[in-house]
Amino acid sequence: MSLSYDVIIAGGGPGGSAAAAFLAREGKRVLVLEKERFPRFHIGESLLPYGNDVLCDLGVIEKIEAAGFLPKYGAEFCTSDRARRVRFWFDRNLGAKYERAFQVERAKFDHLLLNHARELGADVHEGARVKTLDRPAENEVRVTWEEGGGTHTASASWLIDASGRDAFAASALGLKRVATQPTRRVAIFGHFQGVFRNEGKAANHITIVRYGTGWFWFIPIDAEKTSVGMVIANTELRASKQSPEEAFTAAVTGHEELRFRMEKAERVGPLHTTGDYSYRHERFATDRVVMVGDAAGFIDPIFSSGVMLALKSARRAAQLILAAGAEPLSTSQQKKYTAEVTQWMTVYSRMISAFYDRAGFEIFMNPAPVLQIPKAIAHVVGGDTDLALVHRLRLNAFYFVCWLQRWFRVVPRLNFQDR
């Protein structure tokens, strides 16, 4: 027997839970199919202040504040030889409304969002792996999934794909995936206790440490535990002929800033590995299918944009479906959604390209107050994807200076290849 809903959502992470909550709150019959059982381990623990807008719209911000997640007041970037450090404070650059975000353990955070969708009326199935998608009629999508040893079927007017990098719908529809960064990278990460913390209000900052062609993240997620991850080019890892754990250990021991932070660290649980970091699909919607978050595209995690982009695209997808009613999305609506989400991604893609470029990183690490360029960079760091004209102009000036640095010594050269 096939069940009937208004909307089927593949995936119960932040994007899927947010879309489900928005739609269920408006009276839609929503089915969420999540392949794992929550709580479960996940990376992407550092949230951004501009993402708070969506959490407020969801009506979940008070639950998040009550859950005891660490407040995040800014971000810092350093070189591995400890020669340079830059801090961005949200309140000084973004104003009181966006003075903080949260550092979250994703197992707890994602479970909270999924339960919120349940409370609003979504029918949530965990341990439910979506297998097929087809179109039995113009106004209908149908999926099958495996759960509890059996195969089940449901139909709806709409499908939201929030399946993450599995990109279930894009695969089923044969949509082309294109790389958005020239180098494929791999992340090696885990949770640790005893990692060095900054003092005072900066104790909960996310810290990014650049070394050679790679970088490390340090994200405090509770009073004792810190998420630590290493991002390195696939080709570099293969050339080293090291296992991921060996490469991680070698990088920590080989760089002063990393040795200092990890001197007393003890790992909690295994190291994990994931790769293929930057891509997007050729389009993010069809007439009855809308892709959100990583299912649409994934941006390199340097600036912790993943959860915020998932939440924002989920809200927009829900708005599209609610406005459409029984009508399918027109070609122009599909293109507009794809263009809007792509524009959000592009804000980060440009800054990420500058970060990986040696000259661009040298400018990034020397934030002179000329033209208030650091303020514009802080808006990107804080999650502002709908930048005011003045900030767009300031960022264009920043990228121009990054280009000049390749040919002229605008700021001192940096050495972050220490051993």
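# From a pocket to the sheet and its loops

Start by selecting Ile363, Ala368, Val370, Ile373 and Val401: among the 14 residues that line the second largest pocket, these lie nearest its centre. A pocket here is an open set of points on a 1 Å grid over the protein atoms alone, where a 1.4 Å probe fits, with protein on both sides within 12 Å along at least five of seven lines; lining residues have an atom within 4 Å of a point. The space in this pocket comes to about 210 Å³, a volume being what is filled by probe spheres set on points joined across faces, edges and corners.

The model is predicted, with local features requiring pLDDT of at least 70 and side-chain atom pairs pLDDT 80 or more, while totals for chains, interfaces and linings use all residues. Numbering runs from 1 along each chain as its sequence is written, and side-chain values use heavy atoms, without hydrogens or water.

**Around the pocket.** Show helices α13 and α14 (389-407), each of which supplies at least two residues of the pocket lining. Helices (H or I, at least four residues) and strands (E, at least two) are DSSP runs numbered from the N terminus. Helix α13 (residues 373-381) also lies across strands β4 (74-79) and β5, at about 70° to β5. Angles run from 0 to 180 degrees between N-to-C directions, with axes fitted to C-alpha atoms, for helices over the stretch in contact.

**The sheet.** Follow β5 into an open, mixed sheet of seven strands, ordered β5-β4-β13-β14-β15-β12-β16. β5 (85-89) and β16 (266-275) are the edge strands; each has a single partner, so one side of each has no neighbour in the sheet. Ignoring direction, neighbouring strands are turned by 15° against each other on average. At the β16 end, β12 (residues 185-193) pairs with β16 in the antiparallel sense over seven bridges; pairing requires at least two DSSP bridges. Within that pair, select Phe189 and find His272 of β16 opposite.

**Trp217.** Move to strand β14 (residues 214-220), which holds Trp217. Is Trp217 buried or exposed? Its relative accessibility is 5%, so Trp217 counts as buried; the cut-offs are under 20% for buried and over 50% for exposed, with partly exposed in between (1.4 Å probe, protein chains only). Its contacts (heavy atoms within 4.5 Å) beyond four places in sequence include Ile43, Glu45, Ala187, Phe189 and Val231.

**The cores.** Next select Phe77, Phe303 and Phe398, which touch the most other members of the largest nonpolar core, a set of 105 residues. Helix α11 (residues 331-356) is its main contributor, giving eleven residues. Such a core joins buried Ala, Val, Leu, Ile, Met, Phe, Trp, Tyr and Cys residues through side-chain atoms within 4.5 Å. Beyond four places in sequence, Phe303 touches Leu48, Phe77, Tyr348, Met351, Ile352, Phe355, Phe364 and Val381.

**Backbone stops.** Most residues other than glycine have a negative phi, and most peptide bonds are trans. Between Phe38 and Pro39 the bond is cis, with omega about -5°; Pro39 sits in the loop between β2 (30-34) and α2 (52-58). Ala167, not a glycine, has a positive phi of about 45°. Find Ala167 in the loop between β10 (150-161) and α6 (168-173); at 2% relative accessibility it counts as buried. End at Ser304, where phi is also positive, near 55°. Ser304 is in the loop between β19 (297-298) and α10 (306-324), and counts as buried at 13% relative accessibility.
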